[in-house]
Amino acid sequence: MFRAPKGTFDLVPPRAEAILAVREAMSDAVRRAGFGYVETPSFEDTQLFVRGVGESTDVVTKEMYSFTTRGGDDVTLRPEGTAPVLRAALEGNLHRGSLPVKLWYSGSYYRYERPQKGRYRHFSQVGAEVLGTEDPANDAELIVLAMDGYRSLGLTGVRVVINSLGSEESRPAYRSALQEFLRGLDLDDETAKRAELNPLRVLDDKRPEIQAALTDAPLMSDFLSKSDLDHHDTVRTLLADAGVAFEDDARLVRGLDYYSRTLFEFVHDGLGAAQSAIGGGGRYDGLSELIGGPRLPSVGWALGVERTLLAMEAEGLPLPGETGLDVYAVPLGEEAARQLFGVVTELRRAGIRADLATGGRGLKGAMKAADRSGARLAIVAGERDLSAGVAQLKDLQTGDQRPVPLAELQNTIRTELGGSVQAN
Ligand code: HAM
């Protein structure tokens with residue numbers, strides 16, 4: 001027997017339906033705000049991620065699924081969506097139209113991580129990006145939209161944590177100060193090397209001994225320029241105006257190198273510390289230039305779909321279930337099977353959710369299947385009913401049963417189901 005590869009999982013009913021509902025809730029929020037849908041390939045030129053995400057990040061050094069194709073191209077299964085979406089927007093010249101360009105996406109991502117609950121090698125995200133804007137209103141708008149998406153799922157325990165990493169102008173001074181501080185610590189070789197290459201990465205080291213050593217590290221907030229501070233204050237004011245509570249965390253850094261200025265994470269405490277981020281994002285004003293494009297300041301987020309579902313389970317929320325059936329048809333005998341096949345086809349075409357027992361099952365087994373299907377009504381018919389031009393309509397909740405002329409079946413079913421069926 002084959003099994004799903006390590007770190008991956010299958011989505012099967014009924015949980016698969018819940019995942020679908022999570023995706024829909026999160027994408028509804030951005031679609032309502034005028035974001036256009038974008039889809040990019042599952043793999044890209046490896047250099048897009050090396051340059052975009054950053055050579056010293058864990059994602060690039062340890063987690064990429066990279067390979068050389070038969071034609072000799074170096075490609076990587078996408079570990080994230082921002083660099084690909086920006087690449088697609090630049091390639092499609094979207095940035096030459098009116099700005100900002102607002103895009104959303106939903107798909108699979110791949111990271112060779114150590115698998116655990118909430119951390120997989122294949123996972124899914126819904127993401128949103130606003131390209132070509134320096135306005136802090138877009139940073140705030142994205143955070144509000146994500147929180148509205150979470151709230152529409154019933155989640156109440158999502159916290160917003162924000163920070164500013166400063167612009168490309170104010171970061172070099174901070175970088176030097178941090179590097180100076182890190183040189184004074186007794187770090188292992190790998191970490192010391194990282195401190196030289198990219199000191200901000202060290203702040204993201206989750207090991208408790210490193211975090212303890214960083215207690216007195218200089219903070220970016222002390223190095224922000226006047227315009228960085230103004231930008232950050234406007235984001236905070238707009239969030240407060242929108243009624244979105246947030247926490248400032250001057251130590252927040254994220255695992256990708258392209259960020260500048262606004263940085264944020266959506267955190268849920270029901271998932272365990274290492275997986276508590278159910279979403280995250282920020283501003284990436286320099287990414288376009290890093291991947292060979294013009295200057296195109298932008299901001300965005302991606303929400304982890306599986307982690308959002310885990311957060312819902314942690315809160316004990318009822319999971320959005322299967323849509324279920326309205327009607328289940330039980331034919332008794334071959335001729336009845338042929339006729340009810342036609343009846344069920346017509347019901348489905350009329351927008352009624354219907355299924356049919358197949359495989360020549362006996363009455364008992366087929367009625368069990370009808371009960372399990374969750375349908376409200378069953379149609380039961382044998383040769384004798386059909387030669388009289390009727391079928392038995394059974395209410396599976398009350399057990400009541402009565403003959404209904406075949407010609408009136410659809411209307412009768414519609415009446416019985418009341419408001420729960422929408423006509424096509
Ligand atoms: P990220 O923080 O790497 O950001 O991923 C976003 C979210 O995806 C995380 O908060 C988490 O919920 C989920 N996630 C990440 N890795 C895994 C995993 N191995 N298993 C399960 N869930 C995972 C980005 O990817 C950026 N592209 C976000 C962004 C968009 N920044 C600007 N625009």
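Strands are DSSP runs of E with at least two residues, numbered from the N terminus. The model shown is predicted.

View 1. Strand 10 gives the largest share of the shell, six residues. This strand spans 277–283. Strand 6 (122–131) and strand 11 (298–304) also each supply at least two shell residues.

**View 2. Residues surrounding the ligand.** The ligand is surrounded by 26 residues. Glu80, Glu113, Tyr120, Glu129 and Tyr259 are the closest of these. By residue class, the shell holds 10 nonpolar, nine polar and seven charged residues.

**View 3. Polar atoms facing the ligand, with the cover given by the protein.** A nitrogen atom of the ligand lies 2.8 Å from a polar side-chain atom of threonine 82. For arginine 111, a polar side-chain atom is 2.9 Å from a ligand oxygen atom. At alanine 277 the atom concerned belongs to the backbone: this polar atom and an oxygen atom of the ligand are 3.0 Å apart. Of the 660 Å² of accessible area that the ligand has on its own, the protein covers 96%.

View 4. An unreviewed UniProt entry lists residues 22–320 under "domain: Aminoacyl-transfer RNA synthetases class-II family profile".

How values were computed:
Residues are numbered from 1 along each chain as its sequence is written. This is a predicted model: local features need pLDDT of at least 70, side-chain atom pairs count only at pLDDT 80 or more; totals for chains, interfaces and linings use all residues. Side-chain values use heavy atoms; hydrogens and water are left out. A residue is near a molecule or strand if one of its heavy atoms lies within 4 Å of it. A polar contact is a pair of N or O atoms within 3.5 Å; within protein, one must be able to donate a hydrogen and the other to accept it, and residues adjacent in sequence count only if both atoms are side-chain atoms. Accessible areas come from the Shrake-Rupley method with a 1.4 Å probe; for residues, only the protein chains shown count as cover. Helices (H or I, at least four residues) and strands (E, at least two) are DSSP runs, numbered from the N terminus. Ala, Val, Leu, Ile, Met, Phe, Trp, Tyr, Cys and Pro count as nonpolar, Asp, Glu, Lys and Arg as charged, and the others, Gly among them, as polar. UniProt positions are given in the numbering used here, feature names are shortened, and annotations may be inferred rather than shown by experiment.
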